[in-house]
Amino acid sequence: MSEHFFWWTDEQKAIYKDVRQFVEENYEEAEEYFWNTKFPWPLVKKVAEKGYFGVGVPKEFGGLELGATGSCIVAAQLGRLYAVGHVFTVSMLAGLEQILRFGTDEQKQAWLPKIASGEELGALCITEPFAGSDAANVFTSAIKEGDDWVLNGKKRFITGAGVSDRYFIYAKTSDDKALRKQYGHITAFMVEKGRPGFSLEKINPLIGFDNVPNGYIDFDHVRIPDSNRIGAVGNGWNVMMAGLNFERLIGAAVFSGQFEDIINLLFHFTKRRVQFNRTTNQFPGVQDGIAEIITKAKVSRLYSYHCAKLLDDGKEPMVEASIAKMINTEYARDIGLKAIQILGGDGLTKFLPAERLLREAKIGEIVAGTNEVQKMIIYRFSAMLPIYNKTMRFRWNDNVNAPIISKKESKFKGLSITDENILKVIAHDYKINPGLYMTPDDVREDIGGSRSDLRKILEELETQGLIVTHRDRAGKIVLVKATYIGLQKAFPKVYYQWFPDWYDNADKF
Ligand SMILES: Cc1cc2nc3c(=O)[nH]c(=O)nc-3n(C[C@H](O)[C@H](O)[C@H](O)COP(=O)(O)OP(=O)(O)OC[C@H]3O[C@@H](n4cnc5c(N)ncnc54)[C@H](O)[C@@H]3O)c2cc1C
């Protein structure tokens, strides 16, 4: 796991070496905080002194300017220090991308050096009691009063609640239904700890994220100046989305550093554990399990840095960030489970870090957009990609007497646009794709003609019971297929028959 990727810059390679060494030197201290259930302030200060909080911040604002790749490198390594990794990650996510893209020059000068120095921690506040996966459903409101905004509401599940000084929040600035439909009802703000009316409501007792405070915060007529508004009024959704790819990637990468420690532990442990007079690493099942873990660790790491490179190249890798988030957290869960199995009963104790990975992974599958939401994104955005929407037509090939994907013209092309010929096109498609409907555009591609002529003919054929149509909500025909009567009318039965060569004629009827 210690290899560089060939596309890393010398600076990225250098920080990788540096942060690995830092983690090795501080691993024991992090364990002590874990056991004492204490927030690791001294360790967080050391991270700040090393300048790691500024890994993604441009140099002009006091950062290291190592981009998403550098941020991934640091997040993955600091993730090995548990609480420190999560705090580091969320502090960076609480404004870095959002201010870089949407902040004014003054806001960049005011906030980015603070993010870079790590002198104060940040928290990202999207989730509310009634707004989880449906993040646009915020109830926390911001109302303009003179030059100020007055905030009322609550946020929950906030990582770093209480210990953070900066809270990057999204609030509702309009109740207009039309604006709501266009996601124009949300605005982003930065709120500092200490503002009157801003308080901590609850700290959650969680399954994992040990010694990272996570909780509810409350805004009771909290007054902030307009200069704390990040981006235009009503542009909060875009501000949120702009930060999300980075958030998903970095939030995922924070798990992958732990995989290396688990693999080390498994090799160490199974060389020393003897059952049935053999060390357990000699059992094929144990070897398979470790091989599976190594594979998943390498795949998730490779994919994360691929996604980071896309971000660094200025792309918007929506699908890739969701995939990175999903596979890192699912693999973390699988690796945790498998590692425990290999370790046996010891794996179930807190004395070994395998159970910790499993608990963290379960959280990972829910935070930063649940994995179901990631799958929704992967599906929806991929469905719009030209690469997955190439025209694909199966045509009957007489040479092989089978339907094959073909770019050739349909044999019906150029025929006159009549009821009879349109029915033939649709019935012929049954011979090729017996279970599929055709789109009207498929029919037009095969025979030609205008959309309006085709629509009239399709409606007529439907009235005669020769085809069946499938319509959208507006009543527009979107799919068509021939009925059994339509098939009979278009071609003789033999037209649709097909038998393999080996099939005995005597058995045909
Ligand atoms: C430890 C921890 C740390 C967190 N840190 C932060 C933080 O720092 N800042 C912050 O703002 N938030 C944070 N969160 C909140 C987190 O992002 C949300 O918990 C998450 O987005 C899911 O929202 P929810 O818990 O309300 O679940 P819900 O949205 O209620 O989802 C419940 C179930 O319904 C499914 N579901 C919902 N909608 C759909 C859909 N359209 N299609 C299919 N399935 C769907 C979900 O996948 C899930 O299985 C944190 C949460 C945890 C547990």
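How much area do domain 1 and domain 2 bury between them, and what share of it is on carbon and sulfur atoms? In this predicted model, local features need pLDDT of at least 70, side-chain atom pairs count only at pLDDT 80 or more, and totals for chains, interfaces and linings use all residues. Residues are numbered from 1 along each chain as its sequence is written, and side-chain values use heavy atoms, with hydrogens and water left out.

The domain assignment, automatic or from a database, gives domain 1 (1–120), domain 2 (240–387) and domain 3 (394–507). The C-alpha centres of domain 1 and domain 2 lie 20 Å apart. Their contact (heavy atoms within 4.5 Å) takes 34 residues from domain 1 and 33 residues from domain 2. About 3,100 Å² is buried between the two domains, 66% of it on carbon and sulfur atoms. Buried area is the accessible area (1.4 Å probe) that two parts lose on being put together, summed over both.

Five salt bridges are counted between domain 1 and domain 2. A salt bridge is a side-chain nitrogen of Lys or Arg within 4 Å of a carboxyl oxygen of Asp or Glu. K298 pairs with E3 in a salt bridge, with the closest N and O atoms 3.2 Å apart.

On the side of domain 1 that touches domain 2, α1 (10–36), α3 (67–78), α4 (83–93) and α5 (96–102) each give two or more residues. These helices are DSSP runs (H or I, at least four residues), numbered from the N terminus. α3 gives the most to this side, with nine residues.
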